[in-house]
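Here is a friendly walk through one protein model, written for reading with the structure open beside you. Please have your viewer ready and follow the topics in turn.

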Amino acid sequence: MSGKDKLIIFDTTLRDGEQSPGASMTKDEKVRIAKLLEKMRVDVIEAGFAIASPGDFEAVKAVAEAVKDSTICSLSRALDKDIDRAAEAIKPANSGRIHTFIATSPIHMKFKLQMEPEAVIEQAVRAVTRARGYTDNVEFSCEDAGRSELDFLCRIIERVIDAGARTINIPDTVGYAMPEQYAEVFRQLIARIPNSDKAIFSTHCHNDLGLAVANSLAGVMGGARQVECTINGLGERAGNASLEEIVMAVKTRKDYFPVEVGIDTVHIVPASKMVSSVTGFAVQPNKAIVGSNAFAHESGIHQDGVLKHRETYEIMRAEDVGWSTNRMVLGKHSGRSAFRAHLKDLGVEFDSEVALNMAFQRFKELADKKHEIFDDDLLALVKDSQQIVDSDFVKLVSLKVHSETGETPQANLVLDVEGKETPAQASGAGPVAAAFAALESVLKSGAHLQEYAVNAVTEGIDSQAEVNVRLEHEGHVVTGHAADLDIVAASVKAYLHALNTMRALEERLHPEHG
Ligand code: KIV
Ligand code: ZN
């Protein structure tokens, strides 16, 4: 034992992360990510906001059923009905937490809540008391604490600790804080609140000024012993504090920080890839820890130094965060059980033999064309198989594209639209534009393409292309993703995935139009 305090890692990828427009995840995807976070030994997983929708409730419950070693938490406003719903959702958990919040800044209390500060305190106390009726593990957040008055924070926090809150979160909801100032807030709160020793103080920082990680780490220096963060820094607007950066900062600079973390860091890169592939939010190449260039040395001087003595230019080992896990794993002679066992290692389990067979069939097709199949190929392929569901209203049957120097590209598609084979053709500025125009000539979705991105799944010229698209329709944003050796086919499948998701979302929101 080092004698250092433990820093609790609270991951909110599935809740705050999912609040990024277009980053919605299905129940199964959330369970898959949660299982990997559990393997990584994340202490607390915020699985969702149970009252937000029946889908959110089911996802929190499914995560609470599937994960046994991490505490499972649901967010709730400081309202009786929210707390009851959160309690119901976390019931199956071995260890569950209710996280309740109310805004405490003058601007939020006056304009959003339209409540007097004293009434806010009473509502917070009532919420915490109700939550304690369900569990001893209650967290209270002062929303917009970053712009709240210190005296008011002291008053409300003392009362909620008396009511039984055991974690006190000080969110910088709008990403306004500066590191030294945020650290001082923790020092002051811990020193001035008479019962502060009965609770753990927590950071929760947004990245609007690019300071989420710096602020979180400053909060730790000020006395916080829980950090709320997300994989890849996913989160509202500019995102949340990135789990991988916080964990690796604390580990790498153990000479500096008075805390230690229990995270098994080799799962960091696989988790980053899983979150990126599920949400369609690509990781920028120069992103710390998990970007593809994070450990790449381009300049001759750096390469020379690293070859002579790695620590000349590297402060961390790539393999410690899981970079070496993208192994060449299977080939065209691998059988079904090797395929199933290997995916199980990667955290993927099939809920039916049909799903396994479908994915295995796609693996065989890919292995025929591509000799070396890597972990990332498998994850992309399985994701593709899982996202094609019987209820999809449109599927791709076949695709033919003609593209020649000096000629306008032409696309001919056959789509299955609600069970009916429908041909579609169009021309466009490029082969992808022609294919999108062809499918829109039939589907007339009215959706606006906000983003289109192509990434190579693995290294090498025979890599699959992974395509992410983001579509907007009447204020709703969805993403679609697909992988294929053929970029145009991947693009069409990603576009159809987004349209099917949009249709499912709109049916959920307006069942009367369905
Ligand atoms: O940013 C924020 O204030 C939040 C709270 C609900 C914890 O996400
Ligand atoms: Zn937040």
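**Briefing on the model**

V266 is found in the loop between strand 10 (259–260) and helix 10 (268–279); helices (H or I, at least four residues) and strands (E, at least two) are DSSP runs, numbered from the N terminus. This is a predicted model, where local features need pLDDT of at least 70 and side-chain atom pairs count only at pLDDT 80 or more, while totals for chains, interfaces and linings use all residues. Residues are numbered from 1 along each chain as its sequence is written, chains are lettered from A and ligands numbered from 1 in the order in which they are written, and side-chain values use heavy atoms, with hydrogens and water left out.

- S463 sits in the loop between strand 16 (448–456) and strand 17 (465–473).
- With 11% relative accessibility, S463 counts as buried.
- The S463 side chain reaches the backbone nitrogen of V457 at 3.1 Å. This is a polar contact, a pair of N or O atoms within 3.5 Å; within protein, one must be able to donate a hydrogen and the other to accept it, and residues adjacent in sequence count only if both atoms are side-chain atoms.

**The zinc ion**

- Which residues coordinate the zinc ion (ligand 2)? They are D16 (OD), H204 (NE2) and H206 (NE2), at 2.0 to 2.2 Å.
- Donors here are N, O and S atoms within 2.8 Å of the metal (3.2 Å for Na, K and Ca); water is not among the atoms, so sites may look incomplete.
- Along the chain, the donors of the zinc ion follow the spacing D-x187-H-x1-H.
- D16 counts as buried at 2% relative accessibility, and H206 counts as buried at 4%.

**Around ligand 1**

- The residues around ligand 1 include R15, L75, H99, F101, S141, E143 and N169; a residue belongs here if one of its heavy atoms lies within 4 Å of the ligand.
- By class, this shell has 3 nonpolar, 6 polar and 3 charged residues. Ala, Val, Leu, Ile, Met, Phe, Trp, Tyr, Cys and Pro count as nonpolar, Asp, Glu, Lys and Arg as charged, and the others, Gly among them, as polar.
- Polar side-chain atoms come within reach of ligand oxygen atoms: D16 at 3.0 Å, H204 at 3.1 Å and H206 at 3.0 Å.
- On its own, ligand 1 has 260 Å² of accessible area, and the protein covers 94% of that. Accessible areas come from the Shrake-Rupley method with a 1.4 Å probe; for residues, only the protein chains shown count as cover.
- Strand 5 (96–103), strand 6 (138–143) and strand 7 (167–172) are the elements that give two or more residues to the shell.

**R15**

- R15 is found in the loop between strand 2 and helix 1, and R15 is buried, with a relative accessible area of 9%.
- The R15 side chain makes polar contacts with the side chains of Q19 (2.8 Å) and E46 (2.9 Å).

**Salt bridges**

- Side chains of opposite charge can pair when their charged atoms come close.
- How many salt bridges does the structure hold? There are 30, each a side-chain nitrogen of Lys or Arg within 4 Å of a carboxyl oxygen of Asp or Glu.
- D82 and R77 meet in a salt bridge (2.8 Å, N to O); D82 is buried at 0% relative accessibility, whereas R77 is partly exposed at 34%.
- E184 pairs with R187, their closest N and O atoms being 3.0 Å apart. Because they are 3 residues apart in helix 7 (residues 179–192), E184 and R187 are separated by about one helical turn.
- R340 and E353 form another salt bridge (3.3 Å, N to O). R340 lies in helix 12 (residues 336–345) and E353 in helix 13 (residues 353–369), so this pair ties together parts that are 13 residues apart in sequence.
- A network of salt bridges links D80, D84, R126 and R130.

Definitions and conventions: Buried < 20%, exposed > 50% of the residue type's maximum accessible area, 1.4 Å probe, protein only.
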